[in-house]
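Morning, everyone. Please have the viewer open.

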Amino acid sequence: MTFIVSFTTILFTYIVAFPIGVYSATHQYSWTDHVLTLLGFLGLATPSFLLALVLLYLAKVYFGISIGGLMDPRYVNQPWSLPKAFSLAAHLWIPVVVIGTAERLA
C-alpha cells in the first residue's frame, strides 16, 4: 500500500507541477501566471491536516466515500479483484492530493 500511495503521489506531483511550471515560465507576468502563483502561495499557507480534513468532509458529504481507509470495509479481507481496485482508486485521491501538496517543501 505504501508503494501504491507513494508512486501515485509522485505521478500526481509531476502531472500537476510540470504543466504549471512550463506555462508560468512561458507566460511570465500574465494574469494566469498571477492566478497560479496565488494558488501556489495559498497551498503553501494551508496546513496539510486542514486540507486533509476538508477533503475528507467533501468526500463523505458530496461523493459518499467512506473515509475510514484506502478502500471500502467490505473489501479489506477479500482477495484482489476489479471492484476492490476501483474502491482503492476511489479512496486514493485524498491522501495523494494531501501528500502531493505537502511535497512542495521536500
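Start at Pro 47. Its relative accessibility is 33%, so Pro 47 counts as partly exposed. The cut-offs: buried is under 20% relative accessible area, exposed is over 50%, and partly exposed is in between, with a 1.4 Å probe and protein chains only. Pro 47 lies in the loop between α2 and α3. Now look across to Ala 102. Pro 47 and Ala 102 are 55 residues apart in sequence, yet 8.6 Å apart in space, C-alpha to C-alpha.

Ground rules, quickly. This is a predicted model, where local features need pLDDT of at least 70, side-chain atom pairs count only at pLDDT 80 or more, and totals for chains, interfaces and linings use all residues. Residues are numbered from 1 along each chain as its sequence is written, and side-chain values use heavy atoms, with hydrogens and water left out.

Next, the overall picture. The chain has 4 helices and 0 strands. Helices are DSSP runs of H or I with at least four residues, strands are runs of E with at least two, and numbering starts at the N terminus. From that end, the order is α-α-α-α. The radius of gyration is 16 Å, well over the 13 Å that the globule rule gives for 106 residues, so the chain is more spread out than a compact globule. That radius is taken over C-alpha atoms, and the rule is 2.2 Å times the number of residues to the power 0.38. Along its principal axes, the C-alpha trace spans about 50 × 25 × 25 Å.

How much of the chain is buried? Of the 106 residues, 19% count as buried. Contacts next, meaning heavy atoms within 4.5 Å. Of the contacts with a separation of 6 or more, 58% come from residues 24 or more positions apart.

Now helix α1. It has 25 residues and reaches 36 Å from first C-alpha to last, close to the 36 Å expected at 1.5 Å a residue. The expected span is 1.5 Å times one less than the number of residues. Val 5, Thr 9 and Ser 24 are buried in α1. The cover over the buried residues of α1 includes α2 and α4.

Tyr 29 lies in the loop between α1 and α2 (31-45). Most residues other than glycine have a negative phi. Tyr 29 is not a glycine, yet its phi is positive, about 65°. At 65% relative accessibility, Tyr 29 counts as exposed.

On to the rings. Rings of Phe, Tyr and Trp (its six-membered ring) pair if their centres lie within 6.5 Å; planes under 30 degrees apart are stacked, over 60 edge-to-face, and the rest tilted. That rule gives 3 aromatic pairs. One of them is Tyr 14 with Phe 18: centres 5.3 Å apart, planes at 10°, so the pair is stacked. Both sit in helix α1 (residues 2-26), 4 residues apart, which separates them by about one helical turn. Tyr 14 is partly exposed at 48%. Phe 18 is exposed at 56%.

Another pair is Phe 63 with Trp 93, edge-to-face, at 6.1 Å centre to centre and 90° between the planes. Phe 63 lies in the loop between α3 (48-62) and α4 (82-102), and Trp 93 in helix α4, so the pair ties together parts 30 residues apart in sequence. Phe 63 is exposed at 56%. Trp 93 is partly exposed at 27%.

There is also a charge over a ring. The charged end of Lys 84 sits over the ring of Trp 80, 4.6 Å from its centre. The test is NZ of Lys or CZ of Arg within 6 Å of the ring centre and within 35 degrees of the ring normal.

Last stop: two buried residues. Ile 65 lies in the loop between α3 and α4, and is buried at 12%. Leaving aside neighbours within four places in sequence, Ile 65 contacts Ala 59, Lys 60, Ala 90, His 91 and Trp 93. Ser 87 lies in helix α4, and is buried at 5%. With the neighbours within four places again left aside, Ser 87 contacts Leu 70, Met 71, Asp 72 and Tyr 75.
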